[in-house]
Amino acid sequence: MIEIKDIKKNFGDQEVLKGISAVFEDGKCNLIIGKSGSGKTVTLKCMVGLFEPDSGSIIYDGRNTMDMDFKERKAIRREIGMLFQGTALFDSMSVEENIRFPLDMFTSKTMEEKQQRVNFCLKRVNMDGTNKKYPGELSGGMKKRVGIARAIVMNPRYLFCDEPNSGLDPKTSIVIDHLIKEITEEFNITTIVNTHDMNSVMGIGDNVLFLHDGYKYWEGTNKEIMQITEGELFDFIFASDFLKDLRAHAKY
Amino acid sequence: MIKLFETIGEFLILIRRAFRKPEKFSMYSKEAFRQCHDFGIGSLAIIAIVATFVGAVSAVQFAYQLRTISLVPMWWIGSIVRKGMILELAPTISALLLAGKVGSNISSELGTMRISEQIDAYEIMGVNTAGYLISPKLVAGVLMVPMLVVIAVFLGILGGWGAGVMGNYYTTTEYFRGVTDNFIVRDVNIMLVKSVLFGFIISSISCFKGFTVEGGAIEIGQASTQAVVYSSIAIVIVNFLVAFLML
């Protein structure tokens with residue numbers, strides 16, 4: 001479980017996070033949604049330690065990272081897997097080398113053991129057989145899957161996904177969403193997904209946090225979100241007139 | 001002025017971070033070998049071509065001038081080319097070339113990694129990014145530049161011999177008499193000191209500019225240009241300081 005308490009973050013004079021608190025539970029897909037510029041990515045980057053919050057607490061299973069020194073934070077990071085928006089696969093390495101990198105750097109496993117783990121992870125994301133390919137040879141959806149394989153290779157306790165569906169077609173997006181959901185449940189990890197894709201919210205959103213203008217505006221489940229009838233969240237869900245019309249017709 | 005001191009401070013902090021204890025020495029050394037290969041082998045051809053022709057041109061120009069002063073024997077040209085190549089031409093021209101070729105490459109590579117979140121990906125894994133991405137490049141710079149400069153000296157001297165003999169300015173015996181006459185080992189030491197410093201300058205400034213890029217493609221291009229410009233300026237200043245202090 002990850003808990004954030006009253007996280008604030010400024011960039012110069014601009015207040016980006018204005019005091020966000022939330023609890024992200026184990027074995028569930030916790031979604032952070034909101035418009036572009038609402039503070040989703042900054043929240044995520046504060047949680048993983050890429051940004052230092054100005055104030056507040058980030059607590060990983062009772063361990064407050066704000067009280068930790070450099071070494072302790074590094075240890076926590078080894079329990080984290082992250083899928084980046086642009087996948088951030090290392091261009092100079094093959095698929096296999098990308099996934100094996102954390103094992104090479106942080107474990108003393110034999111090459112055979114590492115190879116088995118890499119193959120397991122690739123199989124888990126339905127990418128077996130692509131070991132020798134380079135990121136430049138893969139499609140967007142394939143890169144995301146390899147990104148997930150790399151994120152889970154160290155058996156993380158926490159999985160962070162930043163816009164996992166960006167740049168993907170709706171069908172591939174659903175595949176990636178389901179993969180994230182399955183992995184979360186299978187390995188009982190705490191998953192936090194940053195998205196503005198309502199399909200993801202409805203498909204995998206066990207717990208949904210809606211950010212607006214640096215504040216937590218709403219929190220609930222994907223069932224509850226459909227009960228919203230007005231306000232910023234309503235505008236976010238039914239962003240287009242087409243969807244509003246569709247909803248109106250569905251009522252009658 | 002404050003901005004300059006801030007930048008120097010950030011640079012020193014980053015270089016200090018680069019020398020933290022590695023997570024796994026074998027991974028760092030593997031990366032250092034890769035960088036040495038890219039830095040050294042990748043630059044060998046351009047250094048060889050330029051050094052050969054710089055040596056040749058030096059010999060021809062000195063021969064042209066000495067012909068008019070008949071009091072100076074032509075075998076001196078070998079000595080002049082040797083000294084010129086060792087003390088000045090090989091280290092400085094090689095360093096300026098490498099600043100352009102390797103410096104811009106390092107800076108744009110790290111800049112692209114920064115923009116495409118690859119450096120963040122290393123951070124999330126718990127890797128000391130400054131250590132893993134910068135220290136192998138510093139090691140490569142400090143080791144490879146002296147080696148390339150030594151090669152440049154030999155090829156420059158050979159270039160001078162070829163040009164002079166082809167132009168009938170002197171014979172092979174005359175030229176190599178000059179090359180071996182009054183050889184001072186201290187000159188080589190000065191050359192090596194310069195080369196090590198230049199190697200560090202090229203890789204550290206380029207790494208700093210690339211590693212700290214913010215923005216997009218335009219900023220990567222700017223960082224790459226700045227890496228070359230700042231490295232070149234630092235090279236000529238350090239070149240003067242070493243000459244001033246050691247000669």
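These entries record what I looked up in a predicted model with chains A and B.

**Entry 1: chain B, secondary structure and extent.** I began with the elements of chain B and found eight helices and zero strands. Read along the sequence, I noted the order as α-α-α-α-α-α-α-α. I then took the C-alpha trace of chain B, which spans about 70 × 40 × 30 Å along its principal axes.

**Entry 2: chain B, burial and contacts.** I looked up burial next: 44% of the 247 residues of chain B count as buried. For the contacts in chain B with a separation of 6 or more, I recorded that 88% join residues 24 or more positions apart.

**Entry 3: chain B against chain A.** I listed the contact between the chains, which involves 13 residues of chain B and 15 residues of chain A. On the chain B side, helix α4 (residues 118-125) supplies the largest share, with six residues.

**Entry 4: domains of chain A.** I turned to chain A, which is divided into domain 1 (2-79 + 156-251) and domain 2 (94-155). The centres of these two domains of chain A, taken over C-alpha atoms, are 25 Å apart. I noted that domain 1 and domain 2 of chain A each bring 11 residues to their contact. On the domain 1 side, the largest share is five residues from helix α6 (residues 170-187) of chain A. By class, I found that this side of domain 1 holds eight nonpolar residues, two polar and one charged.

Technical notes:
Residues are numbered from 1 along each chain as its sequence is written. Chains are lettered from A and ligands numbered from 1 in the order in which they are written. This is a predicted model: local features need pLDDT of at least 70, side-chain atom pairs count only at pLDDT 80 or more; totals for chains, interfaces and linings use all residues. Helices (H or I, at least four residues) and strands (E, at least two) are DSSP runs, numbered from the N terminus. A residue is buried if 20 or more other C-beta atoms lie within 10 Å of its own, exposed if 12 or fewer, and partly exposed in between; C-beta atoms are placed from the backbone. Two residues are in contact if their C-beta atoms, placed from the backbone, lie within 7 Å. Domain bounds come from an automatic or database domain assignment. Ala, Val, Leu, Ile, Met, Phe, Trp, Tyr, Cys and Pro count as nonpolar, Asp, Glu, Lys and Arg as charged, and the others, Gly among them, as polar.
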